[in-house]
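Thanks for passing this one along.

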Amino acid sequence: LNEHVRVDLVYAKLKGNGPVYVDLFGLVFFLLPVMALLAYLSWPLLVKMYVTGEMSSNAGGLIRWPAMATLPIGFALMVAQGLSEIVKRVAYLQGKYAMDTHYEKPVQ
């Protein structure tokens, strides 16, 4: 439904391809760099836990690295989704993809 968080004050006033350019800007300059940085920063923690065999301090403690692996994997998946969204928006701007750019202000 295209209801994710945006800069509503600006986004609602844009017409034509304006919203697509705002999306592209946000994806390229905010989502991708932040997710890539977080994946990069969480990777050494995962490797350290794996190498040291860190375990939970509870009785019968479980190894911790599988849970820690969800961080870099999740951030990498967000980067992949961001790339997918960029491809869709570029294809829309080139006229190769039909995308619903209709936007309604959220009702609160």
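The points below go from the overall fold to the charged side chains and then to the aromatic rings.

1. A word on the source before anything else: this is a predicted model. Every value in these notes is computed from that predicted model.

2. Let us begin with the fold. The protein chain has four helices and zero strands, and its elements run α-α-α-α from the N terminus on. Of its 108 residues, 24% count as buried. The accessible surface comes to about 8000 Å², and carbon and sulfur atoms own 68% of that area. If you take the contacts between residues at least 6 apart in sequence, 61% of them join residues at least 24 apart.

3. Now for the charged side chains. The structure holds four salt bridges. In one of them, Arg89 and Asp23 meet at 3.1 Å, N to O. This pair links distant parts of the chain, with Arg89 in helix α4 and Asp23 in helix α2, 66 residues apart. Are these two partners buried or exposed? Arg89 counts as buried because its relative accessible area is 7%, and Asp23 is buried as well, at 11%.

4. Arg89 has a further partner in Glu85, and the closest N and O atoms of that salt bridge are 2.6 Å apart. The two residues sit four residues apart in helix α4, so about one helical turn separates them. Glu85 is buried too, because its relative accessibility is 17%. The side chain of Glu85 also makes a polar contact with the side chain of Lys88, at 3.1 Å. Taken together, Asp23, Glu85, Lys88 and Arg89 are linked in a network of salt bridges.

5. Another salt bridge joins Glu54 and Arg64, whose closest N and O atoms are 3.0 Å apart. Both residues lie in the loop between α2 and α3, so the pair ties together parts that are ten residues apart in sequence. Glu54 is partly exposed, with a relative accessible area of 27%, and Arg64 is partly exposed at 34%.

6. On to the aromatic rings. There are three aromatic pairs in the structure. Phe25 and Phe29 form a tilted pair, 4.9 Å centre to centre with 40° between the planes. Both belong to helix α2, which spans residues 18–52, and they are four residues apart, about one turn of the helix. Phe25 counts as partly exposed because its relative accessibility is 45%, while Phe29 is exposed at 52%. Ring pairs also bring in Phe30, linking Phe25, Phe29 and Phe30 into a cluster.

7. What kind of pair do the rings of Tyr50 and Trp65 form? Their centres are 5.0 Å apart and their planes stand at 85°, so the pair is edge-to-face. It links distant parts of the chain, since Tyr50 is in helix α2 and Trp65 in helix α3 (residues 65–68), 15 residues apart. Tyr50 is exposed, with a relative accessible area of 54%, whereas Trp65 is partly exposed at 30%.

8. Leaving aside neighbours within four places in sequence, Trp65 is in contact with Leu46, Met49 and Tyr50. The C-alpha atoms of Trp65 and Gly53 are separated by 7.7 Å, and the two residues are twelve apart along the chain.

Definitions and conventions
Residues numbered from 1 in each chain as written. Predicted model: local features only at pLDDT ≥ 70, side-chain atom pairs only at ≥ 80, totals over all residues. Heavy atoms only, no water. Phe/Tyr/Trp six-rings, centres within 6.5 Å; stacked < 30°, edge-to-face > 60°. Buried < 20%, exposed > 50% of the residue type's maximum accessible area, 1.4 Å probe, protein only. Polar contact = N/O pair within 3.5 Å; in protein donor to acceptor, adjacent residues only side chain to side chain. Contact = heavy atoms within 4.5 Å. Areas by Shrake-Rupley, 256 points an atom, 1.4 Å probe, with all protein chains shown as cover.
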